[in-house]
Amino acid sequence: MTLSANVPWAPAAPKRTTLQEPSVEYRAWRAREHRRRYYIMASRLALLGAFMLLWEFLAKSHIVNPMLTSYPSALWPTFVDLLHNGDLVGHTWTTFKATLVGFVLSMLIGIGVAAGLWWSGFAYKVLDPFLVIANAMPKIAFVPIFYIWLGSEYSVYGMAVAIAVFVTIMVIYDGFQSIDPNKIKLARTLGASRGQVLRMVVLPGSVPTLIAALKMNIGLALVGVIVGEFQSASSGLGFLIVNGSQIFKLNVVMTAIVVLALLSGLMYLAIARLEAALSKRYS
Amino acid sequence: MNAVVERFIPMAATKIPSIEVRDVALRYFTPEGETQALDRINLTVGAGEFVSLIGQSGCGKSTLLSLMAGILEPSSGEVFVRGERVKGPSQRVGYMLQQDYLFEWRTILDNAMLGAEIQGRDLKQSRERAAHLLHKCGMGDFLNHYPRQLSGGMRQRVALARTLVTEPEVVLLDEPFSALDSQTRLAIADEVVEVLREEGKSVVLVTHDIAEAIAMTDRVVVLSRRPGRIKSEHRMLFPSCSNGRPSPFEVRSLPEFNTYFSSLWDELDVHVEG
């Protein structure tokens with residue numbers, strides 16, 4: 001599934017400016033546009049189908065070892081089996097919940113720290129190099145330490161936050177900085193305090209940035225959760241993947257990965273919906 | 001004998017001046033060095049008087065406006081608004097910037113309410129006043145629209161209403177029409193002057209447009225090149241117009257207009273560099 005910016009629910013149809021009957025050319029143009037959208041959607045499905053067929057064919061004809069790759073038609077029975085006997089819903093819920101916690105925490109911390117840095121230019125200057133290094137650091141290196149420090153459940157949250165939070169701070173801070181200084185000047189001539197400038201100008205003016213951060217965050221938090229689950233969890237999709245590979249049940253691994261793809265796609269779609277709803281006001 | 005003179009001289013004589021700038025200098029520092037932006041500025045704006053500041057770019061005219069608004073502090077000297085020393089942004093002063101800077105996430109009415117919200121005024125009363133002012137500026141049908149739905153001229157009218165909602169006594173205009181096309185400029189200058197005169201405001205207008213300064217204000221103050229000093233002041237009198245102060249648009253067709261224009265042009269000593 002493609003999750004491009006070109007979302008199908010974005011208002012694409014041009015507004016009619018005249019009341020007269022649409023011309024033949026205009027109707028032809030509309031039909032072309034319509035067909036084009038249809039072809040794009042059909043091509044997407046065809047591409048996905050071709051991939052599945054190829055995978056199925058290569059594995060079934062033993063060109064690749066089905067032990068290593070599994071194959072699509074084996075996934076559905078595994079999926080049903082996991083659903084009934086393997087608590088797939090529970091595993092998915094665990095991963096979803098941890099992602100949500102990590103994602104909400106890193107957004108809150110991100111906004112809070114970015115606001116602090118915006119407030120104090122001095123603090124920003126002091127902390128900037130540390131943030132850059134923390135962001136560049138491969139946080140996965142901390143997985144074992146987090147496990148020791150935080151235990152099996154909280155280390156998963158910790159990993160999600162660690163991976164998402166630094167880049168979130170930097171993106172949100174950049175958004176705060178890019179507010180037109182004249183808007184701030186305007187508020188100041190009206191007597192606004194620094195807190196009022198933050199609340200009435202900077203925060204509402206940064207809504208598009210916050211949404212961009214939200215989008216980026218959901219993916220990063222999920223990465224953190226899966227990595228955290230690899231190490232420490234006894235449930236969750238990351239656990240299913242690691243556990244399945246250890247006992248060489250590639251069907252389980254592949255099924256978990258497909259569920260993971262669906263989960264991340266759905267969360268992204270939810271945010272894209274939110275963005276579409278908000279962009280009416282904030283653009 | 002002249003209506004304009006009679007109108008502002010007695011007011012200035014009997015009332016405390018709206019703005020008094022006393023011996024103000026401003027220097028600012030950057031890593032590259034020290035800049036003297038303004039030097040020995042003395043200026044008085046009477047109650048109800050419209051004064052414009054003209055000068056070449058970089059002469060410090062906008063800086064002087066920021067000093068009056070209290071968002072900059074002079075290095076030496078003092079600024080008084082209605083006899084009170086300026087120590088920070090004051091509710092007595094309204095400031096209109098070069099562009100409207102309307103907040104795109106607020107409706108027109110809510111944009112006009114910004115100052116009232118910041119200053120913690122009675123919201124119900126302010127909302128009525130905002131709606132009234134927007135009606136007066138011809139924006140009554142757009143209260144619940146968003147800024148992106150409006151043209152540049154309409155947006156600047158909203159900005160005027162926003163400035164006036166907080167009932168400032170002095171309105172500072174910092175090249176308020178520079179972002180507009182020339183037809184809109186002419187039309188909106190008339191409307192803005194009319195509204196401001198009706199509301200009885202004192203006005204300081206900064207502009208680089210000599211014609212606009214002559215058309216809109218009672219007195220034109222010319223600033224020299226950096227460091228900005230007051231080079232000369234010119235009273236705009238229009239004896240050829242019999243019925244009081246002509247509107248900005250009318251001024252442009254009066255014989256005095258060309259005389260003032262050429263003498264201000266000489267004062268400005270414009271020559272293109274490079």
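Okay, let's start with one residue: setting aside neighbours within four places in sequence, B:M139 is in contact with B:I108, B:L134, B:M154, B:R157, B:V158 and B:A161. Here, two residues are in contact if their C-beta atoms, placed from the backbone, lie within 7 Å. Before I go on, this is a predicted model, where local features need pLDDT of at least 70 and side-chain atom pairs count only at pLDDT 80 or more, while totals for chains, interfaces and linings use all residues. As for names, residues are numbered from 1 along each chain as its sequence is written, and chains are lettered from A, and ligands numbered from 1, in the order in which they are written.

So, back to our methionine. Where does B:M139 lie? You'll find it in the loop between α5 (123-136) and α6 (152-165) of chain B. Helices are DSSP runs of H or I with at least four residues, strands are runs of E with at least two, and both are numbered from the N terminus.

Is B:M139 buried or exposed? It's buried, because 22 other C-beta atoms sit within 10 Å. The cut-offs go like this: 20 or more other C-beta atoms within 10 Å of a residue's own is buried, 12 or fewer is exposed, and in between is partly exposed, with C-beta atoms placed from the backbone. Now take one partner from that contact list, B:I108. B:M139 and B:I108 are 31 residues apart in sequence, yet 8.7 Å apart in space, C-alpha to C-alpha.

B:Y101 has a phi near 45°, which is positive in a residue other than glycine. This tyrosine is in the loop between β6 (93-96) and α3 (108-112) of chain B. B:Y101 counts as buried because it has 21 other C-beta atoms within 10 Å. The other one is B:E167, with phi near 50°, again a positive value in a non-glycine residue. B:E167 sits in the loop between α6 and β7 (170-174) of chain B. And this glutamate is partly exposed, because it has 16 C-beta neighbours inside 10 Å.

Let's zoom out to the whole chain. How many helices and strands does chain B have? There are 10 helices and 10 strands. Its radius of gyration is 19 Å, close to the 19 Å from the globule rule for 274 residues, so chain B is as compact as a globular protein of that length. That radius is taken over C-alpha atoms, and the rule is 2.2 Å times the number of residues to the power 0.38. Along the principal axes, the C-alpha trace of chain B spans about 50 × 45 × 45 Å. Buried residues are 43% of the 274 in chain B. And of the contacts in chain B between residues at least 6 apart in sequence, 72% join residues at least 24 apart.

Now, where the chains meet. The contact takes 15 residues from chain B and 18 residues from chain A. On the chain B side, helix α4 (residues 114-118) gives the most, with 3 residues. By class, that side has 9 nonpolar, 5 polar and 1 charged residues. Nonpolar covers Ala, Val, Leu, Ile, Met, Phe, Trp, Tyr, Cys and Pro, charged covers Asp, Glu, Lys and Arg, and the others, Gly among them, are polar.

Last stop, chain A. Its domain assignment gives domain 1 (26-69) and domain 2 (70-282), with bounds from an automatic or database assignment. The centres of these two domains of chain A, over C-alpha atoms, are separated by 30 Å.
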